[in-house]
Amino acid sequence: MLDQALASLKVPSASVTWERWESLIREYGAKGRLDILADIGMGKRLSFVVAQALTRSSSRSGDEGVGSGAKPGAIQLRGVEGVAIQYGKCCRPIPGDAIVGQFRRSQGLMVHTRDCQTLRKARVDNDQIVDVEWAPEVAGVFEAGIRLVVADERGLLARLATAIADAGANIEYVSMERPDGDCVVAMFFSVQVRDRQHLANLMRALRRIPEVRRVQRART
């Protein structure tokens, strides 16, 4: 299954180095290569997600923080240097979004989009909310969500993964819902992108796939 996924990315399985495997083993917290292969066989991991992770360049995988969405030491926001910064999983802000910051005791600054519904519903004192803006140049990648409605066709997952890779994005994880007896599938992709323009380009690439009926950004 992994060999087939690598072939869809036009990468021979023999070209994946042991160093790349070791890096992925550490990233996944697995005991070894066989554990990852077993997870694929048991359906715990999608083969094309593992294939894309194995073919990710070492320079990108080694210096991009998935959790924080930033390269170590890179300044992401203007005027809050020295403050610990986190990005809200509830709204997944990316460069280009209008944002606000929420000061949290002992946790630093939590960044949300201005229209974040979770922040609006929460009981937050006004003095905890501050206006923040992105730095002129932002390095690194940020997590964004994409929700798709697709016609279920053989090999579609591989084509979607290839389109995402060709757009210069990485897949974090995928989930899907398939109603019983329905040929339409709802899918959610968590992807790593640089900014709103990168995300827009990626969504346009996905819309060009004939089986894709709807594409929208997903905040949660």
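## Strand β9 and its partners

In this predicted model, Tyr173 lies opposite Ser190 of strand β9. Strand β8, residues 170-177, is joined to β9 by seven bridges, and the two strands run antiparallel.

Ser190 also has a partner in another strand: it is the bridge partner of Gly145. Strand β7, which spans residues 142-151, runs antiparallel to β9, and ten bridges join the two. Of the ten residues of β9 (residues 184-193), eight are buried, so this strand is largely enclosed by the rest of the structure.

## Helix α2

Helix α2 covers residues 18-28, and its buried residues are Arg20, Trp21, Leu24 and Ile25. These residues are placed on the same side of α2 because they cover an arc of only 140 degrees around the axis. Buried here refers to a relative accessible area under 20%, whereas exposed refers to one over 50%. Glu19 and Arg26 are exposed, and they lie on the other side of α2.

After the helix comes Gly29, which has a positive phi, near 70 degrees.

## Helix α7

Helix α7 is formed by residues 156-166. Its buried residues include Leu156 and Leu160, together with Ala161, Thr162, Ala163 and Ile164.

Gly168 follows α7, and the phi of this glycine is positive, near 80 degrees.

Definitions and conventions:
Residues are numbered from 1 along each chain as its sequence is written. This is a predicted model: local features need pLDDT of at least 70, side-chain atom pairs count only at pLDDT 80 or more; totals for chains, interfaces and linings use all residues. Side-chain values use heavy atoms; hydrogens and water are left out. Buried means under 20% relative accessible area, exposed over 50%, partly exposed in between (1.4 Å probe, protein chains only). Helices (H or I, at least four residues) and strands (E, at least two) are DSSP runs, numbered from the N terminus. The arc is that of the directions from the helix axis to the C-beta atoms. Two strands pair if DSSP finds at least two bridges between them.
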